[in-house]
Every structure is written in structure tokens, then in C-alpha cells.
Amino acid sequence: MEIKKREVLFSVIIVLAMIAVGFLISGAITEHMQREAEKYTTAVRVEDATQFTYGMKTDFGNALVYGELQAKEPVTDPALEGEYLTIRRVREEYTMHTRTVTYTDSNGKTRTKTETYWTWDYAGSWDQESETVMFLGHEFEIERLYLPEGDSIQLKDGSTYLYEGAHIRYYFSGLPSSFDATIHADLREGSIGDGAEVFVNHTPEEVVEDQLNGQKIPVIIFWVVWLLLTGGAVFGFLYLENRWLDD
């Protein structure tokens, strides 16, 4: 691949144009992330039951509320110890697959063969959850909450998987029946609104810090992808003959 001077100059123009466009896009991403973070940084912080009740009655609106979240009707499973707010049982099946493999034999000839291999594959899940929860002296339907995925739960014997024969197994995840949490809620009309986010074992200060730190991640990912695209665009341009530059 012969690289001409004019191609180098044009490549520099491509890079500068891509970087300029990249700054515009990353700026838009940053502004969007800042607006999202403002929902948390500007929220009223509530950490006691009296203020929580007062906030719902007087329409505090956007708030980060810290307290203990408890399942009113805890759920259980025969394979597990204790009670939980949520339990997810996931089924996996040990399944045989085939694939075609290309290789070179001892004579240097290219050949193919069919191999078989086995993997544990997802085969469905079942959820249990308490219908209602208690939070700072008030009862709410669990449907009003946006709960995070639960952590892995060990079985009674301390193992991770419950086997049903040689080709079927289950594993469990969930949330404990009670835990400290911060809820990002809309306090008005005596309730917390719909889709209130639950941050397990996080104080309001930690929630705000995580949201502020999280602003940087999309921008970093964008620039990594954008610079790879820029490099690909330059390489693709140089790979072409570009005879029009000789005119």
C-alpha cells in the first residue's frame, strides 16, 4: 500500500473533522448525563420517619429517603435457609451442541470436522416476591418499587447449584427480607410515586456520589469507540487508490 503526501494531508483533515464532531457528540452526552444526575443532586434528603411522613403529606417531590426496607410477606424456598424479599430460581440444562472446525492435517491440507461440546444453557426462571413492603412505618405495594437484581444465594448445604439429575440444575438470587436502603422517590399525595428506585445498602450521599461518578463512563466509552472508528476511517481511506488526488 503506497501512501502519498496528499493522502497524508487528507487523512489529517479526516482526523480533525472526526475529532471536532466527536467533541460535539461527547458534549451532548455530558449534558444529558448531567441532567440525569441533577435528579439526585437536587433531591431533598430524608432520613427519619417523621420527616418522611411530612414530606408525603406536603408534596416534597423529588427526594432521597434513607431507612430500613422490610418484606411484609417474606418468601421462602425449600432449598434455601431463611426468608427473603425476592427470590429468583433459574433453571439451566446441560445441552449438547455441534460445530464445524477447520484444521490443517500433517500433509498441509485443509480439512473440516464436526465436533460436539456441552454447555449449561438458560432454560427459564421463576420469581417470588413479597406483595408489600414496610418502609419507615409505611406500607407500599412492591410494584411501586424499581428493585435491583438480587445477589447470588447459597443453598442450605452451602453450594451454589441444586441438581435435578445430571442434565438439569438450578441457582438462586434475591434480596434479603430486610435491609437498609435509599429510595429515590417522588413524595406527594401521601405516597412515593411509581418506579421509585431502590439502592440497597447505600446512603443518600453514596447514591449521589455514584451518580456523579457514573457520568464519566458513557463519555469514556464513546471516545474509545469514536477513536477506533476514526482510525478505521483513515485506514480505509489510505487503503483505497484515491487517484482523484492526483488530478
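The model is predicted, so local features need pLDDT of at least 70 and side-chain atom pairs count only at pLDDT 80 or more, while totals for chains, interfaces and linings use all residues. Residues are numbered from 1 along each chain as its sequence is written, and side-chain values use heavy atoms, with hydrogens and water left out.

**The largest pocket**

Rolling a probe the size of a water molecule over the atoms shows where empty space is left. Here a pocket is an open set of points on a 1 Å grid over the protein atoms alone, where a 1.4 Å probe fits and protein lies on both sides within 12 Å along at least five of seven lines. The largest pocket has a volume of about 300 Å³. That volume is the space filled by probe spheres set on the points, with grid points joined across faces, edges and corners.

Sixteen residues line the largest pocket; nearest its centre lie Thr86, Arg88, Asp127, Pro148 and Glu149. Two or more lining residues come from each of β3 (84–104), β4 (110–129) and β10 (168–176). A lining residue has an atom within 4 Å of a point. Strands are DSSP runs of E with at least two residues, helices are runs of H or I with at least four, and both are numbered from the N terminus.

The lining holds six nonpolar, five polar and five charged residues. Ala, Val, Leu, Ile, Met, Phe, Trp, Tyr, Cys and Pro count as nonpolar; Asp, Glu, Lys and Arg count as charged; the others, Gly among them, count as polar.

**Strands around β12**

Two strands pair if DSSP finds at least two bridges between them. Strand β12 (residues 196–200) pairs with β7 (residues 145–146) in the parallel sense, over two bridges. Within this strand, glutamate 197 is the bridge partner of tyrosine 146. Strand β11 (residues 178–187) runs antiparallel to β12, and four bridges join them. Phenylalanine 199 in β12 stands opposite threonine 182.

**Salt bridges**

Side chains of opposite charge can pair when their charged atoms come close. A salt bridge is a side-chain nitrogen of Lys or Arg within 4 Å of a carboxyl oxygen of Asp or Glu. The structure holds eleven salt bridges. The table lists some of them. Its accessibility classes are buried (under 20% relative accessible area), exposed (over 50%) and partly exposed (in between), with a 1.4 Å probe and protein chains only.

| Glutamate 205, partly exposed, 40% | Arginine 45, partly exposed, 34% | 3.5 Å |

**Two single residues**

Phenylalanine 60 sits in the loop between α2 (49–57) and β2 (61–71). Phenylalanine 60 is partly exposed, at 27% relative accessibility. Leaving out residues up to four places away in sequence, phenylalanine 60 touches Val44, Val46, Gln51, Tyr54, Gly55 and Leu187. Contact means heavy atoms within 4.5 Å. The C-alpha atoms of phenylalanine 60 and glutamate 189 are 9.7 Å apart, although 129 residues separate them along the chain.

Is threonine 230 buried or exposed? Threonine 230 is buried, with 7% relative accessibility. Threonine 230 belongs to helix α4 (residues 216–239). Beyond its neighbours within four places in sequence, threonine 230 contacts Val15 and Met18.
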